[in-house]
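Please walk through this two-chain complex for a reader who works with computed models.

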Amino acid sequence: MNASLVVFLKEVRENLRDKRTLINALVTGPLIGPLMFVMIVNVMISRQLNQAEAPLELPIIGASNAPNLVAALRQQGFDPQPPVADPIAAVRNRDAAAVLQIPAGFGASWDKGDPAQVEVYYDSSRRDTQPSVSRLKDMLERYSRLTGGMRLVARGLSPALAGPVIVDERDQSTPRSRAGALFSILPYFFVLTVFIGGMYLAIDLTAGERERQSLEPLFVNPVAPWRILLGKIGAICVFSVSSLLICATAFTVAGRFIPTEKLGMDLGLGPVFALKVLVLMLPLVLLIAALQTLVAAFSKSYREAQTYLGLLMLVPVLPTVLLSVMPVKTVAWMYAVPLLAQQVGITELLVGGSVTAAQVALCLLCGFAVAALTLAVTARVYGSERLAISA
Amino acid sequence: MIQIENLHKTFGAVRAVDGVSFVARDGEITGLLGPNGAGKTTTLRMLYTLMRPDAGRVLVDGIDSGVDPIAVRKRLGVLPDARGLYKRLTARENIDYFAHLQGVPAAEGARRREALIEVLEMGDFADRHAEGFSQGQRVKTAIARALIHDPKNVLLDEPTNGLDVMATRRMRQFMRDLRAEGRCVLFSSHIMQEVAQLCDRIVVIAKGRVVADESPEALREHTGESNLEEAFVKIIGSGEGLAA
């Protein structure tokens with residue numbers, strides 16, 4: 001039997017007996033992403049829906065100063081709450097999203113035909129209150145425009161005089177693309193899954209084995225180190241691919257529990273999507289396995305390897321964060337960069353765009369080339385005499 | 001047969017092995033004796049090709065380890081200083097893993113495995129997971145897996161380290177059996193009684209050099225000491241690091 005196969009079979013068998021590895025590869029790794037995803041998205045969606053449809057409940061000070069204004073606001077879905085003593089404190093202490101204050105002089109200014117002032121207290125650094133604040137401002141704006149128009153009509157003028165320019169908004173987003181913008185974090189979960197799925201194995205098979213002093217006896221066998229390495233990498237890949245399969249399946253199922261249609265969005269999560277994701281992720285599986293083994297080979301102990309790999313786990317976040325902070329047009333070369341290729345590819349699939357065969361080929365070719373290079377470096381480290389020495 | 005010629009190995013500024021030469025013959029037990037840190041383990045590691053010597057060479061049955069390390073490893077059965085087992089595998093599975101890596105045919109491997117399990121009296125724990133093995137059980141399993149391919153040359157790095165009295169006695173008998181089978185047995189130790197009892201030939205290493213290479217009798221005559229312990233102290237220059 002081929003030595004790499006011997007190593008591979010032994011590592012798989014041994015680690016199937018290890019609860020921690022199994023839980024990480026088959027439960028924590030693949031399911032944490034979909035679970036977090038469903039939770040985050042559900043919270044986000046229900047909040048947006050609530051804020052758009054529910055009555056706007058805000059404290060109002062001096063409501064009696066402008067009964068007509070308040071009545072008009074009520075008609076637009078405003079539900080006045082009892083006044084607060086100190087509007088500034090109420091906003092700062094997060095007791096209210098915003099406070100509307102109508103000064104005592106409002107009626108007098110109104111009757112004279114002067115601009116009548118109302119005050120809106122809010123905190124623009126609190127992002128969660130933004131929808132409420134802008135709804136209130138819109139309501140006030142609409143009332144102001146309406147009243148202004150009526151005044152013009154009363155003087156025999158056309159209300160159109162006050163609005164020389166009209167903006168007609170034509171949003172070109174589709175239900176899919178709106179969903180994609182919201183779910184740009186999704187590709188990271190796939191990468192994370194591969195990372196977590198193989199991590200314990202990668203640490204255990206090199207740093208762990210050295211720490212338990214079994215690497216030296218292993219290397220005394222008449223087998224070239226790179227053959228041993230191949231067997232171990234193979235075992236890591238089997239576990240991380242299993243993770244990925246479970247994760248992709250879980251996302252397919254999770255797609256049904258996300259009420260995206262309520263937001264007028266459409267997610268392309270389905271078996272075809274899952275399959276395409278798997279193909280795009282394949283080079284990354286090998287690359288991550290080789291990289292994790294390389295880090296584990298350099299670490300002096302299991303603990304050290306764990307620390308380094310924890311830090312390494314943050315690297316795949318970079319393209320996700322970069323692309324969500326600075327959304328750029330997807331260009332051809334991006335498919336040549338591992339991690340970035342998966343990010344743009346999976347996002348493209350998610351928003352219903354198409355990934356061409358050439359792009360997939362580029363992604364696979366470059367991905368596997370980088371993985372092979374990493375593997376070669378790891379093999380060199382495996383061949384060095386310091387690797388096996390335990391103490 | 002193992003021939004070691006003028007081995008050198010330096011770690012940074014430390015000359016761990018500084019010109020070691022000796023021969024271990026078939027059908028003999030050769031003891032590598034020296035205080036802790038004398039260079040025994042480093043010498044053995046170069047012998048079983050885990051480390052590359054800076055200078056000098058190792059011949060195992062006439063094969064140069066620098067030229068064909070894989071062929072050399074096939075002819076060696078090694079119990080290294082590190083003797084970790086795979087805890088989630090049973091003793092039998094641990095042995096089988098090495099049999100497969102050595103390329104031993106399945107039937108032959110099973111036959112040898114069962115023979116070793118019997119000789120080493122491993123029957124009552126052979127199917128238990130190695131997790132929680134006693135030191136003696138660990139060493140026995142490590143020896144069984146090291147010898148599964150029936151090697152002509154056997155290297156044991158401090159084989160009785162950590163064993164209790166009974167296990168030590170059995171280990172010594174086992175080494176004599178290996179010699180009786182015509183194998184070349186080379187073991188390192190810092191325990192003088194053990195070396196004196198077992199060895200046909202003693203190679204004393206101190207500070208990375210061979211300071212004596214003789215039979216126990218010759219060693220006693222040579223130093224003029226009837227007591228072997230005194231002989232060692234005289235050769236090495238101090239009693240430091242040696243256990244009685």
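## Strands 9 and 10 of chain B

In this predicted model, strand 9 (residues 201-206) of chain B runs antiparallel to strand 10 of chain B, and 5 bridges join them, where helices (H or I, at least four residues) and strands (E, at least two) are DSSP runs numbered from the N terminus, and two strands pair if DSSP finds at least two bridges between them. Within this pairing, Ile202(B) has Glu214(B) of strand 10 of chain B opposite it. Helix 9 (residues 228-236) of chain B packs on the sheet and touches strand 9 and strand 10 of chain B, its direction making about 40° with that of strand 9 of chain B; such angles, from 0 to 180 degrees, are taken between the N-to-C directions of axes that are lines fitted to C-alpha atoms, for helices over the stretch in contact.

Residues are numbered from 1 along each chain as its sequence is written, while chains are lettered from A and ligands numbered from 1 in the order in which they are written. Because the model is predicted, local features need pLDDT of at least 70 and side-chain atom pairs count only at pLDDT 80 or more, whereas totals for chains, interfaces and linings use all residues.

## The sheet as a whole

The open sheet of chain B has 6 strands in the order 6-7-8-3-9-10, with mixed pairing. Strand 6 (76-79) and strand 10 (209-214) of chain B stand at the edges with a single partner strand each, so one side of each has no neighbour in the sheet. From one strand to the next, the twist averages 15°. Helix 1 (residues 40-47) of chain B lies across strand 3 (28-33), strand 7 (153-157), strand 8 (184-189) and strand 9 of chain B, and runs at about 150° to strand 7 of chain B.

## Strand 7 of chain B

Strand 7 of chain B is joined to strand 6 of chain B by 4 bridges in a parallel arrangement, with Leu156(B) as the bridge partner of Leu79(B). Strand 7 of chain B also pairs with strand 8 of chain B, in the parallel sense over 5 bridges, and there Asp157(B) stands opposite Ser188(B).

Why is strand 7 of chain B largely enclosed by the rest of the structure? In strand 7 of chain B, 5 of the 5 residues are buried, a residue being buried if 20 or more other C-beta atoms, placed from the backbone, lie within 10 Å of its own, exposed if 12 or fewer do, and partly exposed in between. In a regular strand the side chains alternate between the two faces of the sheet. For strand 7 of chain B, Asn153(B), Leu155(B) and Asp157(B) are buried on one side, and Val154(B) and Leu156(B) are buried on the other.

Helix 3 of chain B is mostly covered, with 9 of its 11 residues buried, among them Asn94(B), Asp96(B), Tyr97(B) and His100(B). The buried residues of helix 3 of chain B pack against helix 1 of chain A, together with helix 4 (106-119) and helix 5 (135-146) of chain B. Just after helix 3 of chain B, Gly103(B) takes a positive phi of about 75°.

Met171(B), in helix 6 (residues 165-180) of chain B, is buried, with 22 other C-beta atoms within 10 Å. Leaving aside its neighbours within four places in sequence, Met171(B) is in contact with Pro159(B), Thr160(B) and Leu163(B), contact meaning that the C-beta atoms of two residues, placed from the backbone, lie within 7 Å.

## Interface and confidence

The contact between the chains takes 20 residues from chain A and 22 residues from chain B. On the side of chain A that touches chain B, helix 1 of chain A gives the most, with 4 residues.

The predictor gives the complex an ipTM of 0.90 and a pTM of 0.82. Chain B averages a pLDDT of 89, with 97% of the residues at 70 or above, pLDDT being the predictor's confidence in each residue, from 0 to 100. Within chain B, confidence is lowest in helix 9 of chain B, at a mean of 75, and highest in helix 3 (residues 91-101) of chain B, at 96.
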